[in-house]
Amino acid sequence: MENMLQFDIDAFWIILTGTLVAVSASLLGVFLILRKMSMIGDAISHAVLPGIVIAFLLTNSSSQIPMIIGASLVGVLATFLIESLHRKSKLQTDASIGIIFTFLFAVGIILVSQYTGQVDLDQECVLYGEIAFVPLDRWVTASGIDLGPRNIWTLGACCLAIIATIIIGYKGLYLTTFDQTFAASLGISTVAWHYTLMTGVSLTTVVSFESVGAILVVAFLIVPASTAYLLTDDLKIMLILAALIGFLSVLSGYYVAVYLDASIAACMALMSGVFFAIAFLFSPGYGIAFKGRRAKMGLQKDYSQQL
Amino acid sequence: MIIQVENPALEVHDMTVSYDRRPVLWGVDFSIPKGHLTCVLGPNGSGKTTLIKAIMDLVPKNSGYAKIFDQDIDDVRDKVSYIPQRGSVDWDFPASVMDVVLMGRYKKNNIFNRISRTDRINAEIALEKVGMKAFAKRQISQLSGGQQQRVFIARALAQEAEFYLMDEPFAGVDAATENAILNLLKEMKDEGKTILLIHHDIQTAYDYFDWFVFLNTRLIASGPKETVFSEKTLSDTYGGKLSLLTTVGELLKEKKLPVRE
Amino acid sequence: MGTFIDFISLSDPTSRYVIIGIILLTINASLVGSFAFLRKKSLIGDAVAHSVLPGICLAFLLFQTKNLFILLGGAAITGWLSILSIDLITAHSRIKADAAIGIALSVFFALGIVLLTIIQNSAIASQSGLDHFLFGKAASITRDDVRYFAIVTLIITAVIIIFYKPFKLISFNQDFAVSIGLPVRFYEFILSIITVMSIAVGIQAVGVVLMAALLITPAAAARYWTNDLRIMLILAVVVSAIGGVGGAYISYSATNMPTGPWIIVIISCIAFLSFAFAPNRGIVSKMWIQYQNRKQILLENILKAFYHVGEKDNSFLEMRKPEDILNRREFSFSKLSEGLNKLKRKGLLEKQNNEWKLSSEGLSEAKRIIRLHRLWELYLTQYLNIAEDHVHDDAEAIEHVLTPEIEAQLEKLLDFPSTDPHGKEIIY
């Protein structure tokens with residue numbers, strides 16, 4: 001009986017961790033996919049690795065905040081490098097993404113293997129995290145009060161910051177995502193909004209690193225947002241749906257993982273893929289299963305008038 | 001023939017703009033009067049869109065400046081409305097017609113404010129003017145080309161500007177929309193608004209507009225229709241690029257030399 | 001140094017297969033990667049590389065074997081499925097290519113990790129070692145592996161030689177290839193097959209995550225040095241082979257150093273050096289050219305100033321003080337003295353007690369620049385309809401650009417004019 005109870009509390013912490021990652025990432029992902037910058041998200045999530053390792057070494061993993069800030073800056077720096085390589089060297093964007101993130105990731109892996117003893121990371125953890133260990137790392141105050149898993153607090157703060165930014169900056173993000181030139185013509189700084197978004201992505205990947213790793217956070221950035229994109233034509237609803245689908249992937253993924261005895265984070269990411277597949281096939285508005293019927297009802301775009 | 005005007009709505013002074021070091025606008029210098037419908041004519045790749053973007057300060061200039069109502073663009077952005085080419089945005093974007101028109105109410109200093117009632121009323125009036133009020137809730141992914149263009153114009157109307165810069169508002173629209181837009185432009189002109197637009201059809205341009213700017217990398221002519229619209233201007237404009245100018249442009253790129261010291 | 005000689009001479013049998021194996025793998029990847037790069041499809045390779053993981057795990061689960069041939073077969077199948085799903089998603093929904101790639105990449109990889117952890121947590125875990133595919137296992141390449149790699153390299157090289165022309169066409173000008181009725185879809189299909197093949201074997205060297213770099217980075221580096229596809233392919237192979245051997249050496253000589261990441265770091269550094277220093281395209285060489293241009297412009301401007309001073313009293317070969325020149329045109333003093341000395345070395349100026357005069361060659365050079373300036377001003381007023389008071393700044397820059405051929409054209413076009421728009425004389 002006591003075992004069961006223990007198990008449930010851990011499950012709760014794990015699902016909560018996953019949910020916080022999924023919600024932060026899916027919300028940002030909505031803007032990433034609409035800006036056609038999904039792969040920048042992929043790049044950032046890999047590029048923060050050397051930042052994390054170096055910050056770990058410098059701060060002796062004693063304090064989290066400097067580490068998070070330092071590593072996030074490396075992510076933003078990576079997007080800056082990608083853009084400069086594109087602009088100054090006239091290298092196509094996708095190639096500059098591929099070159100920069102693999103380089104930084106390789107540097108990160110070398111550092112990890114060089115300082116294995118000093119850094120609380122190993123190569124596998126880098127790729128898919130260890131969400132099952134999240135409940136073990138508790139935040140205990142000086143007076144001995146157990147405040148719950150440490151990771152929950154950082155993830156929660158990050159998630160709140162992102163939700164707040166999106167609510168406050170909704171108009172700015174909306175406008176600069178839909179029509180950059182028009183936004184610029186109003187005198188609004190598209191660069192500032194771009195880097196706000198990049199900072200959010202970088203921050204999210206850094207704080208999610210321990211729990212889900214570099215690649216699975218990409219799944220949360222891109223897949224739930226894409227699924228939501230197939231289900232609605234309203235940005236606000238798309239944001240809510242993306243977060244909801246992220247949560248459902250986490251919840252179902254956890255139990256699939258328990259059933260299969262497999263990596264929890266990977267199962268969560270895999271479930272987001274399952275939801276995408278369902279939407280891709282059966283979405284009432286955009287699924288391929290109803291394509292014929294929509295055409296008959298004349299709801300589909302009239303390409304003949306589009307010229 | 002370049003007719004300069006007194007107290008102009010727009011003054012473009014000695015403007016040179018290049019992409020990748022090759023000038024696409026070379027020493028362009030003209031002015032247009034207030035309250036007119038001015039049309040920019042020129043072949044593809046003659047720098048028309050670049051001209052508008054440079055006026056709005058969206059691309060860097062090598063030399064020269066543009067002034068609207070005798071002020072720097074940054075001081076009059078509230079009075080200026082820019083309508084980009086319809087194809088420049090992704091119409092699959094999750095937004096309704098109303099959402100897009102409301103963007104016309106966004107300003108640098110209200111970007112963090114909530115959308116107000118006045119904003120909504122203004123957007124509705126703008127939609128009514130372009131005959132799209134019934135479509136306010138329609139998703140933009142379901143619009144035809146003509147409807148998309150009307151939405152863009154409604155967004156500009158919602159800005160309540162004095163000066164409108166329109167990049168190809170008639171491109172790929174149906175006849176009904178073309179008429180509707182034209183009537184709207186005339187109405188705006190009667191209200192004293194100034195409009196500069198890019199058009200691609202010489203015949204209808206002659207019928208529709210009263211002031212012309214002929215452009216082909218360099219300025220060919222600028223002035224009222226009766227004065228500048230001629231066989232000679234047209235053949236100068238559409239008769240191809242100046243080969244010497246093109247050669248020098250290539251040379252600037254190849255030798256990486258500056259177009260201005 | 002001794003270890004390096006041991007290493008490179010292939011005398012150590014374990015490192016022998018490692019080196020040969022890595023070279024073969026890098027050849028494969030950089031060859032197919034060059035085409036992916038040119039076709040602006042660099043990141044599809046990234047998706048495929050991540051997607052081979054579930055295939056390897058499935059093959060292992062189904063056949064309970066570590067036979068490389070079978071594992072790679074599984075890898076190729078799921079790698080191929082990821083390309084298919086990217087095409088399917090972009091063709092049948094409004095999801096754009098970038099998101100489709102991201103979806104395929106992350107979901108297939110997640111499936112791979114699920115299968116991998118199932119295998120690890122089951123009884124067969126101890127002898128699987130499949131996690132080597134995550135970061136590569138270059139150090140344990142065996143003789144049998146090398147045999148497989150060699151076959152793949154042979155196939156890929158042969159395919160590229162056979163289809164070189166159509167591949168080149170669809171890489172540089174796909175629209176044209178379609179317009180002349182080339183079966184583009186078919187050639188794309190062939191390309192994707194060899195891409196999947198090279199990735200499936202290549203992950204042994206660097207692992208799934210870094211595989212993209214093995215495809216893209218050598219190609220991008222090579223592109224900066226040449227416009228010729230053949231040379232580009234050869235350069236890409238050389239760059240990646242250097243990275244491969246270098247990475248293998250580092251992990252051979254130092255403990256705890258992973259091979260794959262070092263291969264990528266070395267290749268990336270070569271790429272960064274190429275972006276910086278490649279002639280013409282490199283950032284540093286561009287800056288160097290611009291520096292040279294500025295110097296040239298300074299010299300020409302000084303000569304012009306001498307001429308202008310001379311024009312006032314109509315004596316061009318007088319001795320002048322630096323102050324006379326500075327009165328005529330603004331230069332920073334250090335720039336001016338640097339320029340004066342350089343002109344003297346070129347024989348265009350002569351110096352006596354801190355006074356300077358144009359030599360006869362200097363005078364004719366000054367005349368040439370002044371002539372170009374005035375011709376260009378005239379051209380601008382006549383052909384670009386630019387007002388007389390606006391042409392000077394433009395001509396100040398363009399006078400340094402015009403070649404003798406353009407000068408001849410201008411003279412002919414303007415019919416050897418005698419005065420510029422401001423009424424100043426044009427001397428021939």
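**Figure 1. Contact between chain B and chain A in the predicted model.** Chain B contributes 40 residues to the contact, and chain A contributes 31 residues. The two chains bury about 3200 Å² between them, with 60% of this area on carbon and sulfur atoms. Phe93(B), Pro94(B) and Tyr106(B) together supply 22% of the area that chain B buries against chain A, more than any other three residues.

**Figure 2. Salt bridges and polar contacts between chain B and chain A.** The count of salt bridges between the two chains is 2. One of them joins Arg155(B) to Asp179(A); the closest N and O atoms of this pair are 2.9 Å apart. Across the interface, 9 residue pairs are in polar contact.

**Figure 3. The side of chain B that touches chain A.** Two or more residues of this side come from each of the elements α3 (97-103) and α5 (145-158) of chain B. Helix α5(B) gives the most, with 4 residues. By residue class, this side of chain B divides into 17 nonpolar, 12 polar and 11 charged residues.

**Figure 4. The open sheet of chain B.** Six strands of chain B are arranged in the order β5-β6-β7-β3-β8-β9, and their pairing is mixed. Strands β5 (80-83) and β9 (218-224) of chain B lie at the edges, each pairing on one side only. From one strand to the next, the twist averages 15°.

**Figure 5. Pairing of strands β6 and β7 of chain B.** Strand β6 (residues 163-166) and strand β7 (residues 194-198) of chain B run in the parallel sense and pair over 4 bridges. Phe163(B) has Thr194(B) as its bridge partner in β7(B).

Note on methods. Residues numbered from 1 in each chain as written. Chains lettered and ligands numbered in written order. Predicted model: local features only at pLDDT ≥ 70, side-chain atom pairs only at ≥ 80, totals over all residues. Heavy atoms only, no water. Contact = heavy atoms within 4.5 Å. Buried area = accessible area lost by both parts, 1.4 Å probe. Salt bridge = Lys/Arg side-chain N within 4 Å of Asp/Glu carboxyl O. Polar contact = N/O pair within 3.5 Å; in protein donor to acceptor, adjacent residues only side chain to side chain. Nonpolar A, V, L, I, M, F, W, Y, C, P; charged D, E, K, R; others polar. Pairing = 2+ DSSP bridges. Axes fitted to C-alpha atoms, helices over the stretch in contact; angles between N-to-C directions.
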